[in-house]
Amino acid sequence: MYALQRELGQLQRLGIIMEPDLADPREAGGVLNPAATRGPDGALYLLPRLVGAGNYSRIGLARVVHDRQGDPRSVERLGVVLEPEELYERNSRTEGGVEDPRVTYLAALQTYVMT
């Protein structure tokens, strides 16, 4: 996943902030299509799709780490927040998993909702 910065009306590529951890079978196939949101602590969080063996996907959670200038440079992995559980999510013939989250904060309920 690339970090971008808007500068003088243009985007500037800052570099890769998250790549698959090949030692982790849950993401050896890739990390992609993250949702992004600010947490109650003000930190920026990513919820990437983690692709593992058999093309099974789950949703991870990572906190973005910024440098002294405030530019995103890496992530701190915090675990998995959603795993395939239902039979239709764990179908070995058609592969399976949970994919491409989107997250929003509902202030009236003081809760985050992921679709």
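1. Helices (H or I, at least four residues) and strands (E, at least two) are DSSP runs, numbered from the N terminus. By that rule the protein has 0 helices and 10 strands, and its pattern along the sequence reads β-β-β-β-β-β-β-β-β-β.

2. This is a predicted model, in which local features need pLDDT of at least 70 and side-chain atom pairs count only at pLDDT 80 or more, while totals for chains, interfaces and linings use all residues. Residues are numbered from 1 along each chain as its sequence is written, and side-chain values use heavy atoms, with hydrogens and water left out.

3. Of the 115 residues in the protein, 32% are buried, where buried means under 20% relative accessible area, exposed means over 50%, and partly exposed lies in between (1.4 Å probe, protein chains only). Where contact means heavy atoms within 4.5 Å, 37% of the contacts between residues at least 6 apart in sequence join residues at least 24 apart.

4. A nonpolar core is a set of buried Ala, Val, Leu, Ile, Met, Phe, Trp, Tyr and Cys residues joined through side-chain atoms within 4.5 Å. The largest one here has 8 residues, namely I17, M18, V31, L46, L50, A62, V64 and V75, and the elements that give two or more residues to this core are β4 (44-51) and β5 (57-66). Leaving aside neighbours within four places in sequence, V75 is in contact with I17, M18, L46, A62, R63, V64 and V65.

5. Which residues line the largest pocket? On a 1 Å grid over the protein atoms alone, a pocket is an open set of points where a 1.4 Å probe fits, with protein on both sides within 12 Å along at least five of seven lines, and lining residues have an atom within 4 Å of a point. The lining consists of T37, G39, P40, Y45, L47, L61, V81, V103, Y112, V113 and M114, and its largest share, 3 residues, comes from β10.

6. Leaving aside neighbours within four places in sequence, T37 is in contact with A43, L44, Y45, L47, V103 and Y112.

7. L82 and L47 are 35 residues apart in sequence and 9.7 Å apart in space, C-alpha to C-alpha.
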